[in-house]
Structure formats: C-alpha cells, structure tokens
Amino acid sequence: MDNSRTAFSDSNDISGSSSICCIGGGMTEFFSPETSPAEITSLKRLSETLESIFDASLPEFDYFADAKLVVSGPCKEIPVHRCILSARSPFFKNLFCGKKEKNSSKVELKEVMKEHEVSYDAVMSVLAYLYSGKVRPSPKDVCVCVDNDCSHVACRPAVAFLVEVLYTSFTFQISELVDKFQRHLLDILDKTAADDVMMVLSVANICGKACERLLSSCIEIIVKSNVDIITLDKALPHDIVKQITDSRAELGLQGPESNGFPDKHVKRIHRALDSDDVELLQMLLREGHTTLDDAYALHYAVAYCDAKTTAELLDLALADINHQNSRGYTVLHVAAMRKEPKIVVSLLTKGARPSDLTSDGRKALQIAKRLTRLVDFSKSPEEGKSASNDRLCIEILEQAERRDPLLGEASVSLSMAGDDLRMKLLSLENRVGLAKLLFPMEAKVAKAISQVDGTSEFPLASIGKKMANAQRTTVDLNEAPFKIKEEHLNRLRALSRTVELGKRFFPRCSEVLNKIMDADDLFEIASMGNDTAEERQLKKQRYMELQEILTKAFTEDKEEYDKTNNISSSCSFTSKGVDKPNKLPFRK
C-alpha cells in the first residue's frame, strides 16, 4: 500500500499518484489510471478509520491521545495524536520533536498563532483534514449570518471562517489547503464587502508568497474602493497602506495633499480622542480650524474610542449625529460595525436615525446582522450572564426600527404634521404620567435612561399634568409652530423611548396601561379635586382594582422574563418578589 503512505504521510504534495480531497462539499477522488479498485477502497477505508478516531477522541474517549491543543476564546482542549499529526504536517513534526511526556504536549495555539485569531471550528476543520484527508463541509450556522435575505456566500461569518481556515492551514504548513482556500476566497472577493476584503488582505499578507495572488487581488480591490485612509491605517501594515495610497495617487483616486491623509489639525483632534482627552479636544475646536463634522470626529470616536469618551463627545452637542462620512456611513452605521451596545444606545438616545441608508442601501440593522454569526445570535445567554454584544446590538436596533417612523426625523415640522403629531405627543405625555403614578421607581429609571428630564414638557393641559402637578410654560401652537418643533421633537423621541423600554421589559403591564388609557374614567381617577368622600372612595376602589390587575400582569412578565433568561446589559430584573406595582425593581 505505497499509495496510501504517499497520500497520508505527505500532506504538502498533492501531485503524487493518489490524493483525497473535497471540492464543493462533495467527495472527489483523484487516482492514477493504474490504481486498482481495491486500492481505492482501501484508501477510503483508511480515511474513514482515522476520521472516526479523531471524532471519538473529542467528547470523552481519548483513544490513547498523547497531546492536547488549547484553542483560545472558549478555551477548549482538543485531544490529538502526535504520531498522526507529525506524519501529516511538518509543523507538528517540529513541534512535537523531543516531547515524550504527555503532560508536556499541551500546546497553546495562541502562542504559535499570534498574528490572527482563529476559532475552535476553524482548527477542528483543519485537524479533521489531517486525520482523514477530506475537507469537511463548513460547520452549521458558523458561516451563516443573521440576515435572512443574505445568500451567505460572502457575508462576514462566511469570509471570516475561510480566512481562519486559510491562516490555520498556513500555520500548520498544509500547502494544499492553503491553495484550496485561497482559490475559494478569490472566487468570492468581488462579492465581499470592502471592510472584509481588508481582513482577507491582512491574512494574505501574513501568508506571504503562499498567497501572492490573493494579496494582489485584495490590494487592487481596496485601491479602487471608498475605504478612507484612516481606516486603512488602523487595519493594515504601513507598507501595504503606502502601496495602496501610491496606487491611488497614480490613478488619480485621491487628493494630492499629504497622500490622502487628513491635515495636521484633524490628526491632532484624533490624537486627543485616542488619549480620551475631551478637554484638549475642546481647546483644539476653539482654535477654529476644523469642526467635529469636518474631522468626522464622532465617526472616529465611535469606531476606535471607548464608550465613555464617545458619550462625553456626544454631550458636547457640537456634531451632527446623522452626518455621513466620505464612505456614506452615519455614526450609527459605524457603531453597528463595531457592535458595542452602550455606544449604539447612546447614539439612539441622542437622536441617531436607524432608518438612514449607506451609499449602497444598507441600514444599521442590516449591517449588524450581516456581521453576526447565526450560531452566536441563537445561543441563549447562560444563567447570570448578559447576552452577547452581537445579539444585544441587533435587538436594540430592531426595537429602534419598530418605533414610530417619526422618531429621529428632525426635519419633521409640527406645523406640517398638524393635529396627529400633537395628539401623539399629548398621548405620550399622558401615558408616561400614568406610568409614573403607578410605577414611580420604574418610570424614574426608564425616564432617566431615555433622558426625558432634559426635554421640555408639552405645554397643553393633560392628565399627566394633573398627575405630576407640574408648572408648564403656556405656548400657543397656532402662533409659534416652528418654535414648538425645535423645542418638543426631542420630547417626543424621549417619551417614546420610555414607552418602548416599558414594552420590552413589561409587555403585559404595557397592554394593561393601554387599556387604562382608553378608559373613560381615567381623568376622573387621576384628579381628586373637590370630590366628596364617597367619590374619593369610589376612585380609590377603582385605583386598587387597577393596582391588582397591574400586579398580576407584572408577575406574569417577570416569570416569562426569568424563564427566557433574556438579560440586557442596561436593565435587569431582580429575583425578589414584590407586593405592589409601585415598588417594582426596575434597575439600571
């Protein structure tokens, strides 16, 4: 069986008389004309036997495994057999050379694969090839994103997995796999987003001569793309960036100034953000050379700075939160790419529009979905732990899109919207006022998260006014419609966000509140005035009935919430019981 020795002992030579590989997910055998059917059957059987040993060694049986590979991330250990891996890969032959003790053969892959992070699934795919000589189909849900409209040919999960397998194959010195996945990536590059092409480019550069074709193709695509110089500088090595900028200059695709790099003042603004120094940033702005919008400072902070610095920059209120950068991205689009829930919430709270489209027609929600693996999104959070950032960002953006389409549209005029918009605002005032009466603690936290207190109350007599007994400025809507537009659209957004928070965490209670809002006796319950003792008693009884209904609704909400363990990073339930709705533990 010399042919079988060739096929399984020299994985770096696929030009010999026999080799087994996988193309397009199906098994295809390449044998010389002299190979007999008996030899083909023997090779298949050998492949299946070695594959079964590898599979059986994973859960609980080690089948005399004498080494373990430790994968970072989930920190999983993979039992392996040194003799098989050493025979199949020069990398493992050198790695295990001289290591005789079993305990000395635990290999931390992050120590030998430092240039690009790889997943457990990618390592498993390459190891399975070393054992069986077959390339397995991609793991279920690993190469599929959350967007149901995606073909999953070149979305981030699909491309990322191919890149991880390519890098793992290169590290393990399996040239035929490097060639295979290089070809696969070349086939889908024209369908791949520019930001993902940069990821491919980075790994192709690491692989050097083994991936020259892939590297040159990626550079060609990036040269002609709209990826800005700052993004390139953050993502790629300096020599590659220079090659790209030089090529752009030759083709006339960028301005002659500083090889496309921003001017010195913009660089100083970005350095101040890198240092989390908002005070220095304000000093630079007072010099008057550049505005935050000119420097795309908010885009920069959302992409590269921490959530605290971004929040401080937003609080300055000196930048247009829906301003598009040179690539056609708003700040919310950039936040969706970064997938940091705190930043996404901060932007939505400040009026970022989830309906805005990129130059190629994508919304922030679609961007987030295309970047998220279905396996990560579908995984329920473990008890006592928050959901993943990927999942939280998608949920937050989905909620934002389900809101009233008027929300976030700063161009809407109250005078143009007429009575419908005014009644909408009045209804929200009344509803939040009722929630404040029945759920004072929860309403206070929800209003704080939505920043309601920083907006002007609607200046018409309302049930909410009777409840809060607050002093308001009287404004004639007919005389000053545009003034009201400027002062009260933020109020509309903030109140709606408060209601959305209630709907998310107390869906049954929200339904009860909706019914109460539609009841004819609501105003009478809310206002005592000069009522007689009998009238006050009747109102008290009605109020107690509502309390009982709401308590029941809350109990059901809490039981359902605990059952699904759907815990968000900004709000959570406590495990303590409650007796009355006005003591519900809605915590930030």
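Predicted model: local features only at pLDDT ≥ 70, side-chain atom pairs only at ≥ 80, totals over all residues.

Residues are numbered from 1 along each chain as its sequence is written, and side-chain values use heavy atoms, with hydrogens and water left out.

Q: Is Val178 buried or exposed?
A: Val178 sits in helix α8, residues 175-188, where helices are DSSP runs of H or I with at least four residues, numbered from the N terminus. Buried means under 20% relative accessible area and exposed over 50%, with partly exposed in between, using a 1.4 Å probe and protein chains only. Because its relative accessibility is 4%, Val178 counts as buried.

Q: Which residues does Val178 touch, not counting those up to four places away in sequence?
A: Contact here means heavy atoms within 4.5 Å. By that criterion, the residues touched by Val178 are Leu166, Ser169, Phe170, Ala210 and Cys211.

Q: Where around helix α13 do its buried residues lie?
A: In α13, residues 264-274, the buried residues are His265, Val266, Ile269, His270, Ala272 and Leu273. They cover an arc of only 155° around the axis, so they lie on the same side of α13, the arc being that of the directions from the helix axis to the C-beta atoms. Their cover includes α11, α14, α15 and α16. The place asked for is therefore the same side of α13.

How values were computed: Helix = DSSP H or I, 4+ residues; strand = E, 2+ residues; numbered from the N terminus.
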